[in-house]
Amino acid sequence: MTEARTMTINMGPQHPSTHGVLRLVLELDGEVVVRCTPHIGYLHTGMEKIAESKRYQQVIPITDRMDYLAPLSNNLAYVLAVEKLMGIEVPPRAKVIRVMMTELTRIGSHLVWLGTHAIDIGAMSVFLYAFREREQILDMYEQVSGARMMSSYFRVGGLFADLPERFEETVRSFVTSFPDRLAEYEDLLTANPIWIQRTKGVGVIKPEDAVDLGMSGPNLRACGVPWDIRKSHPYSGYEQYNFEISRGTHGDVYDRYLCRVFEMRQSIAIVRQALERLPDGPIAVADPKVTPPPKPMVKKSMEALIHHFLLWSEGFRTPVGEVYQSIESPKGEFGVYLVSDGSNIPYRVHFRAPSFVNLQALPRMAEGRLVADVVAIIGSIDIVLGEVDR
Amino acid sequence: MDDLKQANAEENLTVWKLRERFPDAILSTKSFRSEITIVVKPSEISRVCRHLKEEPELRYDFLSDLTAVDRLREHPRFEVVYHLYSLQFKRRVRLKVLVEEGEAVPSVTQVWRTADWHEREVYDMFGVGVEGHPDLRRILMPEDWEGHPLRKDYPVQASPKWWEEGGER
């Protein structure tokens, strides 16, 4: 008799509120979700397999396409892993620019999350505002790398190119105007009774469950676990910046919202500090085995020509070994596990995608709630299917 | 260099604690770029993990990552790799289990529930069985897919003809 009472429906893979191609099989008792089973893999592109046939530098564009809302975070994790494997220390200017760009990326990623999450719950206008500001960040990507989304700006050993002229002014004007914009979003949402009704007490997860399920990033911090890899294992010089870790208490959709808004403010603070301390100097290590020689040199020096040729035809070799490097991406712990057999091609690359792990907690949060809450909860986990499926 | 020293000291603690508790389960240890790798006997992995998680001086309460590596032509063929993290002590450690093709590793889902999807991915991509997993089925590839894409003898690109001929092994 119980079977007759429940109904099984399919949500996705083509459903706007699943943020891509996520498919959920929902077993419903009336409006209440009894069981929620996620089915993933619709966007599986075999990135880890492809990486096993590419030279180390060629893997960078692949990483862009995982969390395509935060391409530079993925780049950073990968290049840091290769640098750790090779024992390379990048110059200070490159480090500061990396921090500045990844924090702008964090803001850009959180803006897409905010816009789409709000539109899922019915607050249309936030989406338009959030995308207006994100456009400025995409313009900055374009200025530094030539591409608006798949920027691949970081390289093993440093950066693809130095910042263009007057770029600092662009960033400065953004960090000046953005806090007011953020206050506008908060005006629309933070105290909005409908927003509160739809988010407070919804999709609650306890801190011990969140840790058990491997959740990380704002999702974990919203439960009150103050773990941020930028603080616990600083990389790229994060230990020199003053910023605070977001922290929630209830672990519900509303606290996840507050945490991410707080993080955007902190990111602005970090970008400001990066602008202040931006040192002059080289943007990549001087090692010709890793960094291509300047173009004019290639035409004059035989050695430079050889290095140039070798780098583009063979790449570089890495020592035999294995490393795991993780960073605090906008979604959580983004880890790269790299195994080298000493050749110019990675033997194995594994990406620990935060969205993949965070999504696993969805049934835990959604079961026992209403169907409409499932939409709010998916939005609050902030998944990118490109990263879930890789 | 400070990092290195610290890591070696930690190696002593975690490895030493494990050796004390499981004298026969630890097959070898290694340190590279101040990261510790401990190779564990397959049959003991679940017990070792539980101990690492619950021992008050270690508290590896967070399973960051679980994956596998195919060492084709080596024996045992597969390495299943566990990246553990301690939120309290901010430490990382890597565990490894070596299994031959056709052998299964014991599941650690009883220790960390997050292992569920990771182990399904390892099964899907490498065909390494997981014993005691509550719901072991493919996760990324379609259910009726043949083969395991991340195995080294699985081609990155192959023509339909390659498949018709049963694949060149």
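Which residue in S2(A) is the bridge partner of A:Asn10? In S2(A), that partner is A:Val25.

## About the model

This is a predicted model, in which local features need pLDDT of at least 70, side-chain atom pairs count only at pLDDT 80 or more, and totals for chains, interfaces and linings use all residues. Residues are numbered from 1 along each chain as its sequence is written, while chains are lettered from A and ligands numbered from 1 in the order in which they are written.

Helices (H or I, at least four residues) and strands (E, at least two) are DSSP runs, numbered from the N terminus.

## A three-stranded sheet in chain A

Strands of a sheet pair through backbone hydrogen bonds, either parallel or antiparallel. In chain A, three strands make an open sheet with the order S1-S2-S3, and their pairing is antiparallel. Two strands pair if DSSP finds at least two bridges between them. The edges are taken by strand S1 (7-11) and strand S3 (32-39) of chain A; each has a single partner strand, so one side of each is left without a neighbour in the sheet. From one strand to the next, the twist averages 20°; angles run from 0 to 180 degrees between N-to-C directions, and axes are lines fitted to C-alpha atoms, for helices over the stretch in contact.

S1(A) and strand S2 (residues 23-29) of chain A are joined in the antiparallel sense over five bridges. Besides the pair A:Asn10 and A:Val25, A:Met11 stands opposite A:Leu24 in S2(A). S1(A) is hardly covered, for the count of buried residues among its five residues is zero. A residue is buried if 20 or more other C-beta atoms lie within 10 Å of its own, exposed if 12 or fewer, and partly exposed in between, with C-beta atoms placed from the backbone.

## Helices H5 and H6 of chain A

Two packed helices are described by the angle between their axes and the distance between the axes. Helix H5 (residues 92-121) and helix H6 (residues 124-145) of chain A pack at about 160°, and their axes are 8 Å apart. H5(A) and H6(A) are therefore roughly antiparallel to each other. Angles under 35 degrees count as roughly parallel, over 145 as roughly antiparallel, 65 to 115 as roughly perpendicular and the rest as oblique.

H5(A) passes H6(A) in a left-handed crossing, meaning that the near helix is turned anticlockwise from the far one by less than a right angle; a right-handed crossing is clockwise. Residues of H5(A) including A:Leu104, A:Ile107 and A:Leu111 meet residues of H6(A) including A:Phe127, A:Phe131 and A:Ile137. The contact of H5(A) with H6(A) has 14 nonpolar, three polar and two charged residues. Two residues are in contact if their C-beta atoms, placed from the backbone, lie within 7 Å. Ala, Val, Leu, Ile, Met, Phe, Trp, Tyr, Cys and Pro count as nonpolar, Asp, Glu, Lys and Arg as charged, and the others, Gly among them, as polar.

## Helices H12 and H17 of chain A

Helix H12 (residues 253-277) and helix H17 (residues 371-381) of chain A pack at about 30°, with 10 Å between their axes. H12(A) and H17(A) are therefore roughly parallel to each other. The crossing of H12(A) past H17(A) is left-handed. A:Val253, A:Arg256 and A:Tyr257 of H12(A) make the contact with A:Ala376, A:Ile377 and A:Ser380 of H17(A). By class, four residues of this contact are nonpolar, one is polar and one is charged.

Nine of the 11 residues of H17(A) are buried, so this helix is largely enclosed by the rest of the structure. Among the buried residues are A:Asp373, A:Val374 and A:Ile381. A:Asp382 follows H17(A) and has a positive phi, near 60°.

## A loop residue, A:Ile345

A:Ile345 lies in the loop between strand S7 (332-340) and strand S8 (348-352) of chain A. A:Ile345 counts as partly exposed because 18 C-beta neighbours lie inside 10 Å. Leaving aside neighbours within four places in sequence, A:Ile345 is in contact with A:Glu52, A:Ser53, A:Lys54 and A:Arg55.

Chain B has four helices and seven strands, in the pattern α-β-β-α-β-β-β-β-α-β-α along the sequence. Of its 169 residues, 34% are buried.

In the interface, 26 residues of chain B are in contact with 34 residues of chain A. Strand S3 (62-70), strand S4 (78-86) and helix H3 (115-126) of chain B each give two or more residues to the side that touches chain A. The largest share of that side, six residues, comes from S3(B). By class, the side of chain B that touches chain A has 14 nonpolar, four polar and eight charged residues.
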